[in-house]
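Dear colleague,

Please find below the sequence and the structure that I am handing over to you.

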Amino acid sequence: MSTKTGPLSGMRVIELAHIMAGPVCGLMLADMGADVIKVEKPAGDDSRRFVPPDIGGEAAAYMMMNRNKRGISLNLKDPAGVAVLRKLLAEADVVVENYRMGTMEKLGLSYEDLAAANPRLIYCEISGFGRTGPYADRGGFDLIAQGMSGLMSITGEGPGRPPVKVAAPISDINAGILGAMGVSAAYANMLQTGLGQKVDTSLFEAAIVQTYWQSAIAFATGDTPQPLGSAHPLNAPYQAFRTSDGWINVGAANQSNWLRFLDVIAAPELDGDPRFNSNAARIQNLPALIDILSGYLARDTTENWLARMGEAKLPAGPVNDILQMHADPQANARDMIVDVDHATAGKVKTIGHPVKYSRTPAQVDQAAPVLGQHSREVLAEIGYDSSDIEALIQSKAVIAS
């Protein structure tokens, strides 16, 4: 079993999840010290086939989502494979699954089935729309969740333009993070009461909670907010501006920052302009504000503006591309870019854990498993002897690398 020392050290998680939302949940729990055992079908998680790109024949996407986990491959169409899974779950603290509604029930592995034998079990379900309500039996994808949540109606360059999806699969990632939050809360309760429970979240809900500001506006006014490009619906100026050689993000919305900003760009005349003398006025006259400020900021380079704004202690930053972010000294100082050793691909880079703990630090030190890499190891831990293990592998109820 894992010897990690993070805040969830000692927790055993069985991950019955594929592609993204469920694996993100397992990823977060593994970073925090849980022993996460990923159970894959004989063909492997579908993200193993998200190629190109690959590194040494291993899909980069799969390796990103599954580092810090151990891996076992089971044929759940074979009763012997289901029996292995049942034995795994009987000794687990947590199961994470993102199958279609009814799949676990058909296998006899519903929460009710498993909790009867293991009342301490925390059963995390991550689905498209949740396990209740009129959409419970629908499959879910990030694109669909972003559209139905309203996110795509507020993302883009402006009103009347085509709807735009947030480029990152934000509902998938956020659903996984919410799942890990729910599991952690349920685990704390289980340690107090001795009883587990269901944890149920969805891509739809994970996208809805990204609309806090816009929903607040809609509740208050009865109007639906429109896309504003990089601008903020409640604060101005708070957005990206083009410079002479690129782009810069500026956050100068509160009044003291606004006045310092005017000093930096040498625009004292705007201080007395009634269209811009308060945040409310600037929001009301946002198109004119953007047009005027764009003219000032286009006069110099991003680097020069950043230097001046840094001296003035104004919130500002470059618009990095992904490779620039990977090279950023702050990202590296915070261990957000980490090297791990993969069994076949060698040393690969991954994204680090985003929360720092002073006493029980998270660890990102293990690459994603090759298919069935830990099958023998895990079977031995739950009581199978070597002859039984080899028989399961020979029958293809279990796949081992």
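This is a predicted model: local features need pLDDT of at least 70, side-chain atom pairs count only at pLDDT 80 or more; totals for chains, interfaces and linings use all residues.

Residues are numbered from 1 along each chain as its sequence is written, and side-chain values use heavy atoms, leaving out hydrogens and water.

Helices (H or I, at least four residues) and strands (E, at least two) are DSSP runs, numbered from the N terminus. Two strands pair if DSSP finds at least two bridges between them.

The seven-stranded sheet

Seven strands form an open sheet in the order S8-S7-S6-S1-S2-S5-S14, and their pairing is mixed. At its edges are S8 (198-202) and S14 (398-399), each of which pairs on one side only. S8 pairs with S7 (residues 122-127) in the parallel sense over five bridges; tyrosine 123 has lysine 198 in S8 as its bridge partner.

Helix H7 lies across S6, S7 and S8 and runs at about 165° to S7. Here, lying across involves contact, meaning heavy atoms within 4.5 Å. Axes are lines fitted to C-alpha atoms, for helices over the stretch in contact, and angles run from 0 to 180 degrees between N-to-C directions.

Helices that meet H7

The axes of H1 (residues 21-31) and H7 (residues 170-193) come within 7 Å and cross at roughly 45°. H1 and H7 are therefore oblique to each other, since angles under 35 degrees count as roughly parallel, over 145 as roughly antiparallel, 65 to 115 as roughly perpendicular and the rest as oblique. On the H1 side, the contact includes Val24 and Met28, and on the H7 side Gly176 and Val183 are among the residues involved.

The axes of H6 (residues 142-149) and H7 also come within 7 Å, but cross at roughly 90°, which makes H6 roughly perpendicular to H7. In this contact, Asp142, Ala145 and Gln146 of H6 meet Ile170, Ser171 and Asp172 of H7.

The three-stranded sheet

An open sheet of three strands has the order S9-S10-S11, with antiparallel pairing. Its edge strands are S9 (238-242) and S11 (316-318). S9 and S10 (residues 247-251) are joined by five bridges in the antiparallel sense, and arginine 242 stands opposite tryptophan 247 in S10. Helix H13 (residues 302-311) packs on this sheet and touches S10 and S11, its direction making about 20° with that of S10.

Yours sincerely
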